[in-house]
Amino acid sequence: MKLKKLLILSIIGFISFSSCKKDDPVTPVIPNEEELITTLNYTLTNAFDSTDVVTLTFVDLDGDGGNEPTITGGSLNANKTYNGTMELLDETDPADVEDITEEVLEEDEDHQFFFSAASITVNYSDVDTNNNPVGLQTSLDAGDAGLDTLKITLIHEPTKPNNGTVADAGGEVDIEVSFPINVVQ
Amino acid sequence: MLYNNLKLFLFVCLFIVFNLQAQNCNNYIKGRVFDKGTSLPLSFVNILIQESLKGTTSDKDGFFILDNLCQGEIHLIISHIGCDPKKILIDLKKDTLLRIPMSHTLLGAIVVEGEQSSNNYFQSISSLSRTTIENNSNKTLGELIQNESGVNLMKNGSGISKPIVHGLYGNRVKIINNDIIQSGQYWGNGHAPEIDPLSADKITIIKGVSAIEYGAGNLGSVVLLEQQKIEKEPHLHGQTNYTYESNGRGNNVNLRLEKYSKYFAWRINGTLKKYGDKKSSTYFLNNTGYQEANFSLTLQKSWKEKLFMDIYTSTFNTRLGILRGSQVGNITALNIALNAEIPDKTDSLFRYDIDAPKQEINHHLAKLKLKYFFNENNSITFLLSGQLNHRKEFDVRRAGRSDIPSLDLLQHTYNSEFKYTHSFKNLWKFKIGNQNIITNNTNDPNTGILPLIPDYNNWKNGLFSTLSGKINKANFKIGFRYDTELQKVAEISNDLPRRIIRYENNFHNISGLSSVKFNLTSKQSLAINSGYSERNPGINELYSFGLHQGVSGLEEGTLSLKKEKALKNTLEYIWYPSSNFSINTLIYHQSFNGFINLIPKQKENIDGVLVNEIRTTLRGAFPVFMYQQTNANIYGFDISSQFSIRNSFFGLIKYSFLSGQDVKNKIPLIYMPSNSIFGSLKYQINKSNILNKGKFENTEIEINNRFIFEQKNILIGQDFVSPPPSYNLFGLKFSTNLILPNYKIRFFTEFNNLFNVKYRDYLNRQRYFANDLGLSVIIGLNFKF
């Protein structure tokens with residue numbers, strides 16, 4: 001008798017709990033992804049011919065997911081020297097583009113760009129507060145004609161000074177992009 | 001359960017017979033000590049009167065006598081090698097007869113009868129006693145139970161570990177903390193259960209088939225933490241523990257006090273821990289310190305032995321550093337880290353400071369439990385609880401943002417439970433119950449990063465029933481459970497423009513079990529268990545998206561996941577020819593339909609061949625991991641044996657074998673525990689040494705050895721690197737008790753990784769970056785009154 005009552009009671013309990021009001025989650029606030037870097041522009045200007053300007057760009061507006069990034073390489077003139085300027089942007093919101101280059105500049109002793117390629121060579125033209133290279137301003141030597149790949153890496157908290165390679169620098173990778181380059185005669 | 005236990009304690013343990021003749025200092029206590037599981041008499045048991053330090057030892061038939069005793073209250077301390085010491089208060093007015101059952105702590109499976117976990121009588125269990133918990137006050141819950149057979153640890157460095165039982169962890173293994181299903185973030189390997197093991201008196205691992213009563217979703221195993229009922233002792237009792245650990249220069253302090261009064265009984269427990277950088281065999285593991293501050297309060301009251309009330313509140317707060325060199329970034333950086341001899345950012349300075357990457361976690365719990373006995377055979381239990389879990393994870397970030405968490409999750413969980421138990425005259429037992437859990441999980445948008453786990457609300461309602469009884473020589477138990485789960489999710493889109501996408505899922509799960517245990521003879525038993533259970537995909541498995549801290553991989557949920565269905569069968573054979581020898585074998589097999597696991601996502605390359613997907617981002621290339629469903633089999637066996645020689649030597653050997661296969665793709669399952677052997681040999685000095693007014697008792701020395709085999713059941717390419725080679729760790733322990741009229745002091749010292757062996761463990765996520773812990777010396781002091 002009592003058993004039956006309790007059986008009924010527990011089933012009622014189950015039904016009443018399972019039928020209580022079930023609200024949708026409150027609409028979440030979309031975080032302001034101010035730290036995200038969506039765009040890298042590496043502008044190369046021929047040191048002796050200011051009309052010879054090549055811009056290498058990497059754009060991935062939606063971050064890690066969604067669509068694949070767009071990578072634009074370029075062609076350089078063989079054995080010419082170019083002045084390189086690095087620009088980092090957050091273009092998630094086209095109406096409010098943020099310049100991340102400034103953040104890197106403010107923390108220049110905690111950052112360094114690394115460049116590697118087959119025949120292209122890149123030299124640093126800038127230094128941080130401790131007189132170590134940063135890589136926001138560079139000088140690029142195009143080398144001999146041929147197809148090449150230029151890999152640009154930005155390391156956060158590298159070991160400074162280092163021997164100029166990513167392996168020696170340690171730290172954490174903020175950026176690592178590769179551009180196809182055609183060096184023409 | 002606790003209250004049944006008290007009754008048992010009163011009626012069975014202290015079977016007191018009064019004798020009429022009584023004189024002031026001319027009384028005696030006669031008694032017999034026996035093994036609770038086997039009912040065999042126990043010899044060489046030490047019985048000591050704490051007040052007078054007068055003691056004796058039981059003879060070969062378990063008998064002892066203490067005579068010429070004065071009237072009044074005395075505390076008896078009963079201790080035996082391999083058993084948890086027992087303290088009994090006796091108000092001596094007349095000559096007294098006692099029957100004292102002792103539990104062999106290491107032989108969990110044998111001692112379950114009538115114990116706290118009596119409803120698990122049929123399932124294979126192993127348990128840890130209070131003494132073990134106290135002696136390991138420097139350890140986390142996971143580290144405490146990792147020596148149990150069939151149990152392994154998923155670690156992320158030295159401070160973070162979660163238990164794996166028979167190859168399963170996380171969503172699939174429930175942790176029950178004081179009757180409450182521990183809420184928290186089940187996802188990810190970098191999250192440890194937010195529990196202070198020192199608040200528990202007993203930890204039990206149920207390696208069964210389907211623990212029907214402990215909520216939906218557990219596909220077999222349960223870790224149970226229980227508190228003892230506060231004993232009806234009018235004196236204030238308590239203890240304080242201090243442990244120093246050389247590796248990490250860690251300090252651990254614990255204080256516990258309890259008292260019974262006719263108004264209410266109370267117990268408080270507080271723990272503080274502080275560790276700095278741990279050290280591998282040769283170098284420091286920078287930024288691996290941690291700090292912890294925990295507190296709990298228990299209040300108990302009963303009305304006329306009919307209504308029992310139990311209130312429990314606890315708070316757990318921790319800050320944990322994660323090896324700096326393990327936050328590397330993309331696959332190129334990972335490859336550099338994998339080949340590095342010493343992790344990046346390693347220096348020779350020891351620090352207590354904790355910087356990013358780190359975690360900050362707060363967990364608070366409050367519980368009310370009411371149990372009412374209609375009569376001896378019928379009782380109802382009502383349980384209500386609330387939990388709050390706040391998890392913050394910090395990464396190394398640009399422009400001073402390392403102080404802003406990368407992940408900031410707040411979770412509220414409310415449980416309610418109603419259970420009715422009816423015992424029939426023929427000792428059959430019927431239980432019916434209902435459990436409800438409401439979860440609300442929100443992300444703080446101030447992280448500036450898209451959340452890895454979306455905001456959600458979750459409702460779980462379950463109904464279960466079990467029937468157990470005995471027919472001839474066979475004990476049986478059958479059970480059934482039905483659950484519904486409703487998930488309401490609000491996710492932020494991964495593509496642009498960012499918008500809110502809402503999902504709603506409804507699941508119905510059933511589970512059932514049947515168990516039978518034959519007591520073949522008085523010295524051997526055979527148990528067969530079969531359990532079927534269903535688990536719906538969790539929020540993380542469906543919706544997670546983003547870069548996981550320290551794993552160098554993008555993690556993606558899969559919307560199309562279906563329920564996971566598992567059938568587990570176990571066979572356990574126990575043979576205990578005498579109280580000096582026993583052997584326990586457990587064989588298990590679990591087959592999964594729709595096993596959900598996180599594996600590298602594949603896509604077709606230009607030649608139409610399936611390859612692991614590598615996604616290009618501005619930060620470089622990352623491997624993509626995705627939750628996928630497959631069919632799988634996990635099987636293995638745990639075998640353990642223990643023996644004692646002349647009551648001075650006590651030996652224990654355990655071997656665990658496990659194999660996991662993805663049967664659909666015909667490949668091994670990744671992150672399955674390696675096989676292992678554990679052995680220990682303990683020597684106890686039976687002679688007590690008198691020192692001044694004190695007496696040294698139960699002086700023990702133990703040497704132990706843990707051998708972990710290399711995980712060979714894995715293919716090249718399933719993981720970033722091949723599993724580390726096998727390793728062999730030795731440990732040494734020494735402990736002694738100094739018993740004084742009003743208190744007891746226990747000294748213990750322990751050497752872990754005695755030979756400072758350099759090794760990496762397959763199930764430690766940090767193995768990609770650094771060696772595991774080197775030598776550690778632990779010195780502890782326990783003061784009890």
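Analyst: The hairpin runs from strand 28 of chain B to strand 29 of chain B, with two residues joining them. This is a predicted model, in which local features need pLDDT of at least 70 and side-chain atom pairs count only at pLDDT 80 or more, while totals for chains, interfaces and linings use all residues. Residues are numbered from 1 along each chain as its sequence is written, and chains are lettered from A and ligands numbered from 1 in the order in which they are written.

Helices (H or I, at least four residues) and strands (E, at least two) are DSSP runs, numbered from the N terminus. Two strands pair if DSSP finds at least two bridges between them. Strands of a sheet pair through backbone hydrogen bonds, either parallel or antiparallel.

Strand 28 and strand 29 (residues 524-535) of chain B are antiparallel, with nine bridges. One bridge sets B:Gly512 against B:Tyr532 in strand 29 of chain B. Strand 28 of chain B also pairs antiparallel with strand 27 of chain B, over 19 bridges. There, B:Tyr482 has B:Ile510 of strand 28 of chain B opposite it.

Next comes the boundary with the other chain. Residues are in contact if their C-beta atoms, placed from the backbone, lie within 7 Å. By that rule, 49 residues of chain A are in contact with 56 residues of chain B. Strand 27 (474-492) and strand 28 (500-521) are among the elements of chain B that each supply at least two residues to the side touching chain A; others include helix 4 (331-339) and strand 26 (455-471). This side of chain B has 24 nonpolar, 21 polar and eleven charged residues. Here Ala, Val, Leu, Ile, Met, Phe, Trp, Tyr, Cys and Pro count as nonpolar, Asp, Glu, Lys and Arg as charged, and the others, Gly among them, as polar.

The C-alpha atoms of chain B fill a box of roughly 95 × 60 × 45 Å along the principal axes. Of the 785 residues in chain B, 50% are buried (20 or more other C-beta atoms within 10 Å of the residue's own; exposed is 12 or fewer, partly exposed in between; C-beta atoms placed from the backbone).

Elsewhere in chain B, five strands form an open sheet with mixed pairing, in the order 8-13-14-11-12. Strand 8 (125-128) and strand 12 (180-181) of chain B are the edges and have a single partner strand each, so one side of each lacks a neighbour in the sheet. Strand 11 (residues 174-177) and strand 14 (residues 222-226) of chain B are parallel, with four bridges. In this pair, B:Ile175 is opposite B:Val223 of strand 14 of chain B.

B:Val223 is also among the residues with the most contacts inside the largest nonpolar core, which has 56 residues. A nonpolar core is a set of buried Ala, Val, Leu, Ile, Met, Phe, Trp, Tyr and Cys residues joined through C-beta atoms within 7 Å. Strand 37 (residues 620-645) of chain B gives this core its largest share, five residues. Another core, of 48 residues, lies apart from it and includes A:Leu76 and B:Tyr290.

For chain A, the secondary structure is three helices and eleven strands, and 34% of its 185 residues count as buried.

Note on methods: Two residues are in contact if their C-beta atoms, placed from the backbone, lie within 7 Å.
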